Amino acid sequence: MRSMTANIALACTALLATFGAQAQTTLEKIQKSGKVVIGVRESSAPMAYALGSMQKYVGYHVELCEKVLAQIVPSAKIEYMAITAQNTLPLVQNGTVDLGCGPTTNNLSRQKQVSFAVTTYVSQVRMAVRADSPITSFKQLDGKTVAASAGTTAVQLLRKYSHEHSIKLPTQLGKDHFESFLMLESGRADAFVLDDNLLAGVIANSKDPKGYKLVGEVLGSEPIALLMRKDDPTFKKAVDDALVGMMKSGEVAKVYDKWFTQPIPPKDMPLNLPMSDTLKQLLQAPNDKPLEAYNS
């Protein structure tokens, strides 16, 4: 009897501990641990990517994250965690990652799992082909092999285009953008489909940056944003307020210019992607509207 009572007591203690962990806000967690965990990518230049053997993480969204956290938790140590398109949502959802700083698309489906900050980039999904390729439209890919990265919205957009235009787009999935680009580079794929900014970043850091080009119609415009645990409005407001302040001061525009129009490491090649009119308008009137609001 005593043993059963002890087991029940232990089970109750475990449940209370679990409930307490879930009830703890992100800011409380950061304050208690003295550190903040940000989710970054290893191969998503210029948004978030790794540099060198020391695995230093840099990029447009990484820098925005660092500047936001310097304002809201200035004494916390930043810990960088490499994540992928596939595990971003679960790691943010369960609190392992406090702030997702990769190039994640804000859509209605994902809003059921996490919260998104105000939009800080609007990408256009297109394709990269070899410079000598005659391909200029997605319709010309009928029956040809297409590379895409697992977990990206480009995969769904390809399926949609294939269905709407009654063509076959055999798609090979890479675990990350480096692996997907390798398929194009090695000739195993005729095109690599992804956000324009990420395609430009991969090409700029490739062995032969002049050997590839961006072509094709735009499959869709996508709002890209930092993300955090759902149902923590205090943390979302703190992140949003910091970002909106930087938008109004011109700081976000300066960070954008640094990563999209100036030479970036490791090869000091510029992407030459000036800010779009859509993003300029968003900096004037920030919002966290999902993808569906853009392509409706």
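**Figure 1. Lining of the largest pocket by residue class.** In this predicted model, the lining of the largest pocket comprises seven nonpolar, nine polar and three charged residues (nonpolar: Ala, Val, Leu, Ile, Met, Phe, Trp, Tyr, Cys and Pro; charged: Asp, Glu, Lys and Arg; polar: the others, Gly among them). A pocket is an open set of points on a 1 Å grid over the protein atoms alone where a 1.4 Å probe fits, with protein on both sides within 12 Å along at least five of seven lines, and lining residues have an atom within 4 Å of a point. The space in the largest pocket is about 320 Å³, a volume being the space filled by probe spheres set on the grid points, which are joined across faces, edges and corners. Of its 19 lining residues, Asn-107, Thr-153, Gln-156, Leu-157 and Leu-291 are the closest to the centre. Helix 5 (108-111) and helix 6 (153-165) are the elements that each give two or more residues to this lining, and the largest share, six residues, comes from helix 6. Helices (H or I, at least four residues) and strands (E, at least two) are DSSP runs numbered from the N terminus.

**Figure 2. Aromatic cluster of Tyr-60, Tyr-121, Tyr-256 and Phe-260.** Rings of Phe, Tyr and Trp (its six-membered ring) pair if their centres lie within 6.5 Å, with planes under 30 degrees apart counted as stacked, over 60 as edge-to-face and the rest as tilted. This rule gives nine aromatic pairs. Tyr-60 and Tyr-256 are edge-to-face, because their ring centres lie 5.8 Å apart and their planes meet at 85 degrees. Tyr-60 belongs to helix 3 (residues 60-72) and Tyr-256 to helix 10 (residues 251-260), 196 residues apart. Tyr-60 is buried at 0% relative accessibility, and Tyr-256 is buried at 4% (buried: under 20% relative accessible area; exposed: over 50%; 1.4 Å probe, protein chains only). Tyr-121 and Phe-260 are stacked, at 5.1 Å centre to centre and 10 degrees between the planes. This pair joins strand 8 (residues 121-130) to helix 10 across 139 residues.

**Figure 3. Buried and exposed sides of helix 11 (residues 277-284).** Leu-279, Leu-282 and Leu-283 are the buried residues of this helix. They lie on the same side of helix 11, because their arc around the axis is only 100 degrees, taken from the directions from the helix axis to the C-beta atoms.

**Notes.** Residues are numbered from 1 along each chain as its sequence is written, and side-chain values use heavy atoms, without hydrogens and water. For this predicted model, local features need pLDDT of at least 70 and side-chain atom pairs count only at pLDDT 80 or more, whereas totals for chains, interfaces and linings use all residues.
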